[in-house]
Amino acid sequence: MEVKIGVSDSPRELNVNSSQTSEEVEALVAAAFSGDSAGMLALTDDKGRKFLVQASKVAYVEIGPSDIRKVGFASTS
């Protein structure tokens, strides 16, 4: 799952590729905004790295499937 987080006062967004389902990520985001998680949004990516973002600084969260990018050249014969 690809998660894009817009952070206020930052021109770039944070991209996290997670093995969690969209429902799990949505539950984590909702818990962060409701105050159940000390005001922190915590996500873990595919490689085990943990990302912590202060919930009050989150401008938006986009949850979508990971894009599979094809590398190479197509033959046109």
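Student: What share of the 77 residues in the protein chain is buried?
Tutor: Buried residues come to 21% of the 77, where buried means under 20% relative accessible area, exposed over 50% and partly exposed in between (1.4 Å probe, protein chains only). Bear in mind that this is a predicted model: local features need pLDDT of at least 70, side-chain atom pairs count only at pLDDT 80 or more, and totals for chains, interfaces and linings use all residues. Residues are numbered from 1 along each chain as its sequence is written, and side-chain values use heavy atoms, with hydrogens and water left out.

Student: Why is Ser-66 called partly exposed?
Tutor: Its relative accessible area is 37%.

Student: Where is Ser-66 found, and what does Ser-66 touch?
Tutor: Ser-66 sits in the segment after strand 5. Leaving out residues up to four places away in sequence, Ser-66 touches Met-1, Glu-2 and Asn-17; a contact means heavy atoms within 4.5 Å. The C-alpha atoms of Ser-66 and Glu-2 are separated by 4.8 Å, although the two are 64 residues apart along the chain.

Student: What makes strand 1 and strand 2 a pair?
Tutor: Two strands pair if DSSP finds at least two bridges between them. Strand 1 (residues 2–7) and strand 2 (residues 13–17) have five bridges, in the antiparallel sense, so they pass that test. Glu-2 stands opposite Asn-17 in strand 2. The two strands form a hairpin with five residues between them, and Asp-9 in the turn has a positive phi of about 65°.

Student: How do you know that strand 1 and strand 5 pair as well?
Tutor: Same test: six bridges, again antiparallel, against a requirement of at least two. Lys-4 has Glu-62 in strand 5 as its bridge partner.

Student: In what order do the three strands form the open sheet, and which are the edge strands?
Tutor: The order is 2-1-5, with antiparallel pairing. Strand 2 and strand 5 (58–64) are the edge strands, because each pairs on one side only. The twist averages 15° from one strand to the next, using lines fitted to C-alpha atoms (for helices over the stretch in contact), with angles from 0 to 180 degrees between N-to-C directions. Helix 1 (residues 22–34) packs on the sheet, touching strand 1 and strand 5, and its direction makes about 165° with that of strand 5.

Student: How many helices and strands does the protein chain have?
Tutor: One helix and five strands, running β-β-α-β-β-β from the N terminus on. Both are DSSP runs numbered from the N terminus: helices are H or I with at least four residues, strands E with at least two.
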